[in-house]
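The questions below concern a ligand site and a helix. Please look at the structure before reading the answers.

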Amino acid sequence: MDSIVKPKENKKVTYYRMVYQPFFLTLKINRMDNIKGKVVVITGASSGLGEATARYLSELGAIVVLGARRIERLDALAEELSKNGSKAVAVETDVTDYEQVKRLVDTAINEYGHIDVMINNAGLMPQSLLEQLRIDDWDQMIDVNIKGVLYGIAAALPYMKAQRGGHIINVSSVAGHRVGPGSSVYSATKYAVRVISEGLRQEVKPYHIRTTVISPGAVSTELPNSITDPATAQSMHEFYKKNAIPADSFARAVVYAMNQPENVDINEILFRPTVQHL
Ligand code: NDP
């Protein structure tokens, strides 16, 4: 007589193994279907959201073309990603200069033959009360946060039109949905990004170009360092310390939008840390 007692078959486990597991496995594989091999240009890739996104996209097999002013940081990132087997190239870019943004996008075309995704992410947030008249800060926010996005669109759109496809992802903010004391100009630039994105969405339909605007809440990056008013800087640093979530939250939102089948256009994503009230 066989003395080994066989464990009783757990029907739930067997069913999971036979039905759900292969299904989830397929989902996992499909997860990367629309990311792998895509050529993605990212502005503001030297830190924060842009850097986190470059890392995550590379991990998923995308080719990244990195733009920002701090070229030493970009070079180090591109080298690190390349060592890990990814394709990455760094281009020193100031997004307030159209020719430089064009050179960034042209690098993608020259190196890899096309551009799949343009992520207009570079931005800064030197908030202050209007009465402080920090006009240099206003000018900088308008130049980087609005004109930088427009220049990114201008550089990528002709190629995407010719390709009859592509994806433009612009970065707005929760501040692009609400305004409070000290955030008038920053919010104005981020509202502008949403307005531009919505106009773009309607205009590029004939070319099968997808458009997404992502509006994050507080995410832990170097962004508060751009505040020049000491009192605002201090309260913002405290706010970020209490509320901010890691930058991979944003990278996942990008991947979610990019990874949809080409006939699905995720137009808006708004997310906050769970603890963030405003
Ligand atoms: P960081 O300060 O960490 O990153 C900003 C990036 O923008 C850097 O890579 C910086 O690179 C780049 N940048 C700034 N000015 C220029 C310029 N003139 N030309 C080219 N690149 C420039 O902040 P985040 O990662 O948080 O910011 C990214 C985007 O996310 C911004 O648009 C910001 O408004 C938005 N955002 C961020 C939130 C957050 O809580 N972190 C919330 C909502 C929106 P370099 O200095 O090397 O040029």
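Q: How far is an oxygen atom of the ligand from a polar backbone atom of Val219?
A: The model is predicted, and the distance is computed from it. A polar contact is a pair of N or O atoms within 3.5 Å. An oxygen atom of the ligand and a polar backbone atom of Val219 are separated by 2.8 Å.

Q: What percentage of the area that the ligand exposes when taken alone does the protein bury?
A: Taken alone, the ligand exposes 870 Å². The part of this area that the protein buries is 95%.

Q: Which elements give two or more residues to the shell around the ligand?
A: The ligand is surrounded by 29 residues, with Arg69, Arg70, Tyr186, Thr221 and Tyr240 the closest. By class, 13 residues of the shell are nonpolar, 11 are polar and five are charged. The elements that contribute two or more residues to the shell are α2 (48-59) and α6 (184-203).

Q: Which residue has an N or O atom in its side chain 2.7 Å from an oxygen atom of the ligand?
A: For Gly44, a polar backbone atom lies 3.1 Å from an oxygen atom of the ligand. The side-chain N or O atom at 2.7 Å from a ligand oxygen belongs to Arg69.

Q: Why is helix α8 (residues 248-258) largely enclosed by the rest of the structure, and which elements are included in what covers its buried residues?
A: Helix α8 is largely enclosed because eight of its 11 residues are buried. Among them are Phe250, Val254 and Met258. The cover over the buried residues of α8 includes β1 (39-43), α2, β4 (117-120), β5 (166-171), β6 (209-216) and β7 (268-271).

Conventions:
Residues numbered from 1 in each chain as written. Predicted model: local features only at pLDDT ≥ 70, side-chain atom pairs only at ≥ 80, totals over all residues. Heavy atoms only, no water. Near = heavy atom within 4 Å. Polar contact = N/O pair within 3.5 Å; in protein donor to acceptor, adjacent residues only side chain to side chain. Areas by Shrake-Rupley, 256 points an atom, 1.4 Å probe, with all protein chains shown as cover. Helix = DSSP H or I, 4+ residues; strand = E, 2+ residues; numbered from the N terminus. Nonpolar A, V, L, I, M, F, W, Y, C, P; charged D, E, K, R; others polar. Buried < 20%, exposed > 50% of the residue type's maximum accessible area, 1.4 Å probe, protein only. Contact = heavy atoms within 4.5 Å.
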